[in-house]
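This briefing concerns salt bridges and strand pairing in one protein model. Please consult the sequence and the structure shown below while reading.

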Amino acid sequence: MSSSTSVGTGEHPAVVLTGITKRFPGVVANSDVHLTVRRGEVHALCGENGAGKSTLMKILYGMQPPDEGTIEVNGEQVRFRTPSDAIKAGIGMVHQHFMLADNLTVQENVVLGAEALHGIGQKARRRIIELSGKTGLNVDPGVLVEQLGVADRQRVEILKVLYRGAKVIILDEPTAVLVPQEVNELFDTVRGMQEQGYTFLFISHKLDEVRAIADSVTVIRRGTTVGSADPKTVSSRQLAEMMVGSELPSPETRESTVTDTVVLDVKGLRLMTPDGSRPILDDIDMVVRSGEVVGIAGVEGNGQTELVETIMGMRKAGSGTITLQDQDLTKLGTLARREAGIGYVPEDRHRHGLLLTQPLWYNRILGYQTRRPTAKGIWLDTDGAKKDTERIVADFDVRTPGIDVPAAALSGGNQQKLVVGRELSGDPVLLIASHPTRGVDVGAQALIWDEIKRARAAGLAVLLISADLDELIGLSDTIKVMLRGRLVADADPSTVTPEDLGSAMTGAGSTSAAVQETAVVEEGEN
Amino acid sequence: MGHLRGKLLPPALAIVFSLLLCGVALIISGANPLSAFGAMVSQVGKGTTLVDILNSTGIYYIAALAVAIGFQMNLFNIGVEGQYRVAAVVAAVVGGSIALPTGIHTMVIIIAAALAGAAWASIPAILKVTRGVNEVISTIMMNGLAIGLSAYLIRRDVFGELRGNNIRTPEIPESGWMPGISFGGSGTMFGFIFVAIALGIGYWIMMNKTRFGFELRASGESSTAASAGGVNAKKMILVSMLLSGAIAGLISLPELLGRDHTFSLNFTAGIGFSGIAIALLGRNHPGGIAFGALLWAFLDKSGLALDNVGVPREIVTIMQGSIVLSVVVAYEVVRRFELASEQRRVGRELGTVGGAA
C-alpha cells in the first residue's frame with residue numbers, strides 16, 4: 001500500500017508499464033506497450049474499439065498476466081497474479097459494465113469481499129459515509145442499489161475501489177453509459193479527487209471528453225502505443241488521426257432518400273413486465289418508410305432492446321399492431337417475420353447473432369433455414385450456403401482464412417461484418433440494426449455504415465438503435481427519443497446536437513428547437 | 001486430420017485411462033489384471049457371446065439414439081428408461097391381442113411401441129413447454145410411474161396371464177414376430193438390428209441435411225441465437241422430446257419381436273440409463289454411438305467370463321463408469337484446446353497477432 005500522499009515531481013511515477021506484450025487468440029493483442037502515469041494526474045488512454053485498451057487494463061489490474069514486459073508501481077516492480085494483488089498495490093478498477101448486486105444495499109455492495117477491512121457494521125458505515133463525499137454520492141449507505149440511477153451506481157463502483165484503499169483508479173469507458181450532463185458531473189468528481197491526490201487512468205475513445213479531463217494522453221493503436229500528446233495543445237482531429245492512423249470515416253449521409261412508402265407501421269404497442277406490474281413499452285407509435293433510417297436514442301435500459309425484440313416477435317406484445325408492407329405481423333412468430341422481409345442485426349452478436357463453435361457457412365443458415373439459397377423445402381442446401389457465405393466474405397471484407405473456421409475464431413469486427421452481410425441477404429425490406437458498430441474496429445465500422453447507406457439508397461427501411469449519438473445523428477433521417485418505455489420526442493438530425501439529445505434522453509425536457517416533444521413528460525413548451 | 005484427431009483422441013485416451021484404473025482396482029483386490037482382461041477378450045469367441053454382443057449393441061444403439069436427440073438441444077431425457085418400459089407393455093399387449101397378416105402385424109406392433117413411447121414422453125414435454133417444469137425432474141418421476149403402470153397392466157385381472165411362476169402378457173402370434181439370422185450353435189441375431197442401423201442412418205441425415213436438424217443443433221448450441229434466428233424453442237422441445245420418446249419406444253422390440261414374444265417379469269431393465277452413458281461416449285454422433293454401444297455390449301457380455309477367473313464381474317461396472325467420466329473430461333479438454341489453436345491459426349494467417357515485437 002502506498003503511504004505517501006504528496007504530489008512531487010521528484011518521486012517515482014504512480015504506474016509505469018514497459019514493453020508489455022500479450023498474445024491473444026484472434027484479436028488485436030498488446031505488443032510492446034509503454035505507458036507512464038505520473039502521480040496525481042488524470043492520464044487518458046485513447047484508442048479505437050478493439051485497439052487493445054481493455055486488454056492492457058486487464059493486465060494492469062492482474063486479471064491476465066502479460067507474456068512479456070514489466071509493471072512498476074511507485075517505482076517498485078510488481079507481478080500481479082490476481083486482481084487482489086493489484087488492489088493491495090493500491091490500484092482499483094471501475095469496469096465499464098457495473099458489477100453490483102441490485103438487491104443489496106450500497107453498504108453491502110461496498111463491503112462485499114472486503115469484510116476484513118472495517119467489518120460489516122457501524123465502522124464500515126462510517127468509513128463509507130466519509131468516502132461518499134469524495135465521490136459525490138449523496139445517498140444513505142442503506143439504500144438498495146436497484147433504486148439508484150446509472151450515475152450513482154457508477155459512484156458506488158468508485159466508492160468500492162476507494163474503500164479497498166485504491167490510490168490509482170482505472171476508469172474503463174466510464175462515460176459510455178452516461179448522458180452529457182452526467183458526464184460533466186463525473187468530471188467534477190474526478191477533478192475534486194485529483195486534488196486530494198488520487199491518480200486516474202481514464203480509458204476512452206471519445207476525444208472531446210479526453211481533452212476536457214486529461215492532463216496527458218497516450219494513444220494506442222492496433223495493440224501498441226503510438227505516442228503521447230498534451231491534451232491542451234492537440235486538436236481532436238490530430239488525436240483521432242493518431243488513433244486511426246489515417247483519414248477518419250464519417251457516418252454522415254445527407255441527401256435524403258426517404259419515400260412515401262410505409263414499410264413498418266407500429267401502432268399502440270405495449271409490453272408489460274413479466275409480473276405485469278408496469279409497462280416496459282408504453283403505447284409506441286412509429287412509422288419507418290422505404291429509404292428512411294429511423295434512429296432511436298435513449299439511455300440504455302429504457303425499452304429499446306424490448307422494442308426491437310417485440311418487433312422481431314421474440315417477445316409477445318400485450319397489445320398493439322405491427323404491420324410490414326400491409327402484412328399484419330402481430331400474431332406471427334420470429335421466423336415468419338424474417339420471411340416477410342426483416343433483417344435483424346442484434347445488439348449482442350455472441351448471444352443472438354452467431355453459433356460460435358459452428359463454421360461461418362453454418363452461421364449463414366441461421367434465420368434463413370427456410371429460404372433459398374440455404375434451404376430447399378425441408379432440406380438444407382449446404383452447397384448454396386457455402387457459396388453465399390463466400391459472397392458475403394468477399395463483399396463485406398470479412399477477414400478469415402476460410403468459411404470453415406468457427407465463428408468464435410474471428411475478431412469482433414469480422415463477426416459483425418458477417419452478421420450484417422447475412423442480414424442484408426435475401427433482399428429484406430426492413431433492417432433492424434441494434435448497435436451495429438458496437439465493439440468493432442474502425443475499418444469494420446466504416447464498412448458497416450457504407451453498407452447501411454447503400455441499402456437505404458436502394459429503398460431499404462432501417463430502424464437503428466445506437467448508444468453512439470454521433471452514429472445516430474449521422475445515419476438517421478429521423479430520430480426518436482425513448483424514455484421509460486415511451487417515445488417522448490422527435491429530433492431533426494440535421495440540426496440536433498448530442499447535448500440536446502442527451503437532455504431529452506434523461507427527461508430533462510427539450511432545450512432546443514431541434515427536439516420536439518411528442519409526449520408530455522414534464523411541462524415546458526418551446 | 002486435426003478434425004479427426006479431436007474426435008478420436010478423447011475416447012481413446014478415456015479407454016486407456018479406465019483400463020489403467022481398473023487394473024489398479026484389480027491389483028488392489030488381489031487379482032491379476034492381465035489374466036482378467038485376457039479372459040474377457042477370449043470369451044468373445046466362446047458359445048453365443050459374439051452374437052449376444054451384437055444383439056446387445058443393437059439395443060443399446062437405439063437407446064443411445066433416443067437420448068442423443070434430446071442431448072442435441074440440451075434436453076436431458078432421463079425418461080428413456082420409463083418410455084421403453086411402457087412402450088414394451090403396450091406393444092406386447094397390442095401384439096398379443098390382435099391377429100393380422102405377417103409383416104403388417106409386425107409393423108403395427110412397431111408403430112404401437114413408438115406411439116406409446118412418444119405418448120409417455122409427451123407428458124414431461126408438455127409440462128416443460130407450458131409450465132417450465134425441468135425435464136430432468138419430471139422424466140425421473142415418470143420412470144417411477146412407468147414401473148407401477150407396467151406392473152398394473154400385466155396383472156391377471158387386466159391384461160396379464162400366469163405361466164408357471166411368471167406373470168406375462170399373452171404371447172404374440174407368429175405373424176407378429178421379426179425373424180432373425182441364425183448362426184446355429186452360435187446363436188441367432190435379431191432382425192431388428194437392421195432397423196437400428198436404418199435408424200442411425202436416418203438420424204445422421206436428419207441432423208446434417210434437414211432444416212429440423214439445423215434447428216435442433218442451433219437450439220442446443222445457443223438457445224438465444226436460435227430464437228433470434230426464428231427457431232421456435234417450444235416447438236423444438238416438444239418435437240424433439242416426442243421423437244426421443246418414439247425411438248425409446250423401440251428399445252425393447254429386438255427382444256420382444258425376436259425372442260421373448262411377451263412382456264414378463266423377466267423384462268430387461270436399465271437400458272435407458274446405459275443409453276445416456278453411450279450417447280455421452282459417442283458425442284451424439286451416429287458413428288460414435290455405434291462404437292460406444294459395441295464397447296458397452298462387449299463389456300457386459302464378456303464380463304461374464306470374469307467369474308471363471310475369480311474376479312468379481314462388478315469390475316465391468318467400474319470400467320464403464322470410469323470410461324464415461326474420463327471421456328467427458330477428455331472431450332472438454334480437447335475441445336478447449338482445439339478452439340484456442342483454431343483462433344491462433346486464424347490470427348496468425350491474418351496477421352492480427354503480433355509475433356515477438
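Strands β11(A) and β12(A) form a hairpin with 6 residues between them, where helices (H or I, at least four residues) and strands (E, at least two) are DSSP runs numbered from the N terminus. In the turn, A:G276 has a positive phi of about 75°. The model is predicted: local features need pLDDT of at least 70, side-chain atom pairs count only at pLDDT 80 or more, and totals for chains, interfaces and linings use all residues. Residues are numbered from 1 along each chain as its sequence is written, chains are lettered from A and ligands numbered from 1 in the order in which they are written, and side-chain values use heavy atoms, with hydrogens and water left out.

**Strand pairing in the hairpin**

- The pairing of β11(A) with β12(A) is antiparallel and extends over 7 bridges; two strands pair if DSSP finds at least two bridges between them.
- Within this pairing, A:L264 stands opposite A:V288 in β12(A).

**Salt bridges involving the hairpin strands**

- A salt bridge (a side-chain nitrogen of Lys or Arg within 4 Å of a carboxyl oxygen of Asp or Glu) is formed by A:R270 and A:D282, with the closest N and O atoms 2.8 Å apart.
- Because A:R270 lies in strand β11 (residues 262–272) of chain A and A:D282 in strand β12 (residues 279–289) of chain A, this pair ties together parts that are 12 residues apart in sequence.
- A:D282 is buried at a relative accessible area of 19%, whereas A:R270 is partly exposed at 30%; buried means under 20% relative accessible area, exposed over 50%, and partly exposed in between (1.4 Å probe, protein chains only).
- A further salt bridge joins the side chains of A:D265 and A:K267, at 3.0 Å from N to O.
- Of these two residues, A:D265 is buried, with a relative accessible area of 17%, and A:K267 is partly exposed, with 47%.

**Salt bridges elsewhere and in total**

- The search of the whole structure finds 32 salt bridges over all chains.
- One of the pairs is A:R125 with A:D140, whose closest N and O atoms are 3.0 Å apart.
- This pair links distant parts of the chain, 15 residues apart: A:R125 is in helix α5 (residues 122–135) of chain A, and A:D140 is in the loop between α5 and α6 (150–163) of chain A.
- A:R125 is partly exposed, at 23% relative accessibility, and A:D140 is likewise partly exposed, at 39%.
- A:R364, A:D388, A:R391 and A:D395 are joined into one network by salt bridges that share partners.
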